[in-house]
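Let's take a friendly look at how two chains meet, and at a few contacts within them. Here is the model to keep beside you as you read.

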2 protein chains.
Amino acid sequence: MQAKALLKEHVLKIASLTDDEFDYFFSHFKPETFKKGQSIISEGDAVDKEYFVIDGCLKAFFVNDEVKMYILQFAMPTWWASDYAALYNKTKATINVDCVSDAEILSLSNSDREKICSELHQVEHFFRWRTNRGYVAAQKRLLSFMNNDTKTRYEELLALYPALYNTVPKHLIAAYLGVSRETLSRLYNASK
Amino acid sequence: MQAKALLKEHVLKIASLTDDEFDYFFSHFKPETFKKGQSIISEGDAVDKEYFVIDGCLKAFFVNDEVKMYILQFAMPTWWASDYAALYNKTKATINVDCVSDAEILSLSNSDREKICSELHQVEHFFRWRTNRGYVAAQKRLLSFMNNDTKTRYEELLALYPALYNTVPKHLIAAYLGVSRETLSRLYNASK
C-alpha cells in the first residue's frame, strides 16, 4: 500500500481528520528508505525522529557488557519505532534501531510532532492513544518477563506479529524472547 | 498538600490551563480514602477508573500460579495507577491494585477522562505527556529486566522513589525487584 494511504488508514482508526487536515499532517513526514542491516539509531546518537514503518521490519535492541543482544521491539508495517526515552527527554540514545530487512519508512521529527499536536487537537488525540497502546504493550511484556514465562512470551509474540516466524531469522526471535535457540526450537515444535 | 493544589502543580508542569479551566478539569475527580491493605482493583474486576495518589502508597501487582507475587509498580504521591490494559481496552482486570499504607487519592473515570480530553485541548496534551513518560518508564524497567541486572534495578528503584526504602516493607521491595529477601539485603548493604 502507498505510504500515505497506509498512514491515513492507521490514523483514522483513532482520530477524525478531514482530508485537508490529514494532508497537512502528512506534509510533516519524510519518506526514507533503508537497506537490510542498516543502522537508523545507534547508542550515543542524538535522537530527533520517530519512524512509522511502511514496508519491511526494524528492530530496537541493546547489547550488554557481555555482548549479548536483547531485542526490545520489532517494528513491522504500521508500527512505530524510536529510542523514545532519548527522543522525549532529549538525551543520547541508549538503544539501537536497525533494519531486519530492506525498509521503507516515514520519519517525523520531535519538533514537528509537537507542532502538529498543538495545531490540531485531533492529532494530539491520535498520539495520546498511540502511546496509550504502546504503554499497555510494554507493561504486558514486562509482566511476562517478570513472571519468566517463556511459553506465554512466545505465544504473545506470534499473536502480535503472526508473519514474524517466517520472515525474521530465528536468532533474532530468540533474542526478543530472551531465550536460547534451543529453547525456541522446543517452543516452536510444541506449538505445531 | 491539599489534593487540589497537588494535582494543579502536577498538571501545570505539562499543560497550560487557566484557573477556570483547571477548576473544571478538577471537578471530574472524586476524592477517595483507603485503609492500609485495602484492595482497589482485583483480578477479574471491571476497571473504570484511574487513581492519582495524594498521600500514601499503592502497589500494582499480580500473583502467578505458584502464588508468587510480582510488583509491577508502586504509586507514591503524584503518581498514577490503574490496570491500564483493562481500563483502555475495557476488559477485566488481570492485575491487582491495593494500599501499602493508608491512602488518599483522586479517582477519574474512563469516560470523564475522554470527555475532558475532547473538551480541552490542553488536557489532552497533559494526558499525552503523562502517558509518554509512563511508556518510557515501563520500557526502561523492561530493559533492566531483560538484562537481568538486579543492581541497576535496585538503583533505579531508589532514584525513582527515594523514600521507599524506609516506608515500604522489605518483602515488597524484593517483589518489585524480582529477587529474594537475601539478595535485597546484600544490595542494600553494598550500597551503604
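A salt bridge here is a side-chain nitrogen of Lys or Arg within 4 Å of a carboxyl oxygen of Asp or Glu. This is a predicted model, where local features need pLDDT of at least 70 and side-chain atom pairs count only at pLDDT 80 or more, while totals for chains, interfaces and linings use all residues. Residues are numbered from 1 along each chain as its sequence is written, chains are lettered from A and ligands numbered from 1 in the order in which they are written, and side-chain values use heavy atoms, with hydrogens and water left out.

Over all chains, the whole structure holds 22 salt bridges, and four salt bridges are counted between chain A and chain B. Two examples from the model are set out below.

| Salt bridge | N to O distance |
|---|---|
| Glu124(A) and Arg128(B) | 2.8 Å |
| Glu32(A) and Lys49(A) | 2.9 Å |

Glu32(A) sits in strand 1 (residues 30–34) of chain A and Lys49(A) in strand 3 (residues 49–55) of chain A, so this pair ties together parts that are 17 residues apart in sequence. Helices (H or I, at least four residues) and strands (E, at least two) are DSSP runs, numbered from the N terminus.

Now to the interface. With contact meaning heavy atoms within 4.5 Å, 37 residues of chain A and 36 residues of chain B take part. Together the chains bury about 3600 Å², 69% of it on carbon and sulfur atoms; buried area is the accessible area (1.4 Å probe) that two parts lose on being put together, summed over both. On the chain A side, Arg128(A), Tyr135(A) and Met146(A) lose the most area to chain B, together 20% of what that side buries.

Finally, look inside chain B. Helix 4 (residues 110–119) and helix 5 (residues 121–146) of chain B pack with their axes 5 Å apart, at an angle of about 125 degrees. Axes are lines fitted to C-alpha atoms, for helices over the stretch in contact, and angles run from 0 to 180 degrees between N-to-C directions. Helix 4 of chain B contributes Arg113(B), Ile116(B), Cys117(B), Ser118(B) and Glu119(B) to this contact, and helix 5 of chain B contributes His121(B), Val123(B), Glu124(B) and Phe127(B).
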